[in-house]
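Trainee: Could you take a close look at one part of this with me? I'd like to go slowly over how it is packed.

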Amino acid sequence: MMDDSAHSPHPSDETVRLDFTLNGEPRTIEVAPNAVLLDVLREQLGLGGTKKGCDHGQCGACTVHVDGQAMNSCLRLAVMCEGQQVTTVEGLARDGELHPVQQNFLECDAYQCGYCTPGQMMSATALLADERIGTDDASVKEAMSGNICRCGAYKNIVEAIQKSRAQLGHDAARKEGAA
Amino acid sequence: MRTFAYSRADSVDHAAHRTMPDAAFVAGGTTLLDLIKLDVLKPENVVDINALPLKRVERLDDGRLRIGALVTNTDLAHHPEVKSHYPVLSEALLAGASTQLRNMATTAGNVMQRTRCPYYRDPAARCNRREPGSGCDAMDGINRMHAVLGGSDACIAVHPSDMCVGIAAIGATLTLQGPDGEREVDFADFHRLPGDTPHIEHDLANGELITAITLDAPLENARSHYLKLRDRASYEFALASCAAQVVLDGDTIREARLALGGVATKPWRCSDAEAALVGQSADKASFERAADIALKDAQAREHNGYKIPLARQAIVRALRNAARGETPASETQESQA
């Protein structure tokens, strides 16, 4: 949707209208031109699951999905999400049931303090859905290297991801069988 | 974070004709927002170019590959044309940054990324690149990560890109759109050496936009390898990296392409070393001679002397792996290391 912003800049002290989809729900909000997606999620929309760690794209705590791709929400202007689908950790569970990745992080003890966990799970769910990323442990570790865990729960994080892969594969096969 | 005015460009012409003071284009945002937060970059106007139709990858009739400025690093690394005809570029892209950053970062944005020199990134430090004439705290500071090739008395900051090293070894042309129309620039000439003017980093004029990067036609029957050496196994900048392509006739090298990363102030093509390889047999002695030629002008400061033997080994091993046409398992780990 190209409004007049295409031709006259929004001054820094005026807000910009943003139409996007957040966790499956269409949303229209007004944001400052310099508002970063991470801060809008946490401060303006009250979704505190997405965490601020380094605020410079180095730790991965702020990872969300934008149109299904894992991205650092700390390095993205909210206005850049016009027309896009944004999913946060709050959008992973369905109908009150945890996503298999969430359930397996719990069961595999894939965290200690938990601060990096939402970002870890957003990267994990994205990589499991991405056919371009290999399925072996080495590929998982490489794909997850943008998420730092200071507690050092890496081993259990890989285990939780691989356990989820097995279950998600099973679910997909079951769905195919039913259809 | 400081404030700025924001607009969305709806056409390349519109973006290029916009003449605003202190304007910056934003694509992936991974460099721009990082550096605005640090108060290193201070644009008054940010122009969002993400709606522009610059996301195509197409093979041209002459065999070259035209890559739209906004193709993401992830999509480019996995593109079938790149994987089959330019594997060295795919390897270089996947050796860079993290999954999240590659999903955001664009091809032209990667070309435009700024140095990771900690003194450049710290407004309290002296830096000729950030603030012309202020001096350089890296010269006698912690310069373990700094350049041994292409530096000057004013600046020894490393160009941080992996992708650009792959492109340097392939050869490419940049298409730029500006207020006065379109022009093309050889990729090798786009990034400037720091010299006395390290703040002038590239050949882009005010208001100009990179719209495409066109790779030279693939070298026929080339074998290639991208070797990256770094402090940890993933998600770290190179201490030394090497993109190598060789065309063999039996055991004799017919053609070679060589570029270095992590050790130079711009993506570093080693033309003299390439010439010295042609006609030689593909063995360790030839590779070592080429490496010595590539590094003959290398100059170290207090903490970065180790980069000269490290780069030498990177060249020898990248050439050896390329010539073998295989990546031994042990080298795979190291190349991710």
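Trainee: Of the 158 residues in the largest nonpolar core, which touch the most other members?

Mentor: First, the ground rules: this is a predicted model, where local features need pLDDT of at least 70 and side-chain atom pairs count only at pLDDT 80 or more, while totals for chains, interfaces and linings use all residues. Residues are numbered from 1 along each chain as its sequence is written, with chains lettered from A and ligands numbered from 1 in the order in which they are written.

Now, your core. A nonpolar core here is a set of buried Ala, Val, Leu, Ile, Met, Phe, Trp, Tyr and Cys residues joined through C-beta atoms within 7 Å. Buried means 20 or more other C-beta atoms within 10 Å of a residue's own, with C-beta atoms placed from the backbone. The residues touching the most other members are A:Ala78, B:Ala243, B:Leu258, B:Leu260, B:Ile315 and B:Leu319.

Zoom in on B:Ile315. Skipping neighbours within four places in sequence, B:Ile315 is in contact with B:Cys242, B:Leu258, B:Phe287, B:Ala290, B:Ala291 and B:Ala294, contact meaning C-beta atoms within 7 Å. Notice B:Leu258, itself one of the residues that touch the most other core members. As a rule, in soluble globular proteins nonpolar side chains tend to be buried together.

A:Met121 counts as buried because 26 other C-beta atoms lie within 10 Å. Beyond four places in sequence, A:Met121 touches A:Val89, A:Leu92, A:Val101, A:Gln102 and A:Phe105.

Terms used. Buried ≥ 20, exposed ≤ 12 C-beta atoms within 10 Å, placed from the backbone. Contact = placed C-beta atoms within 7 Å.
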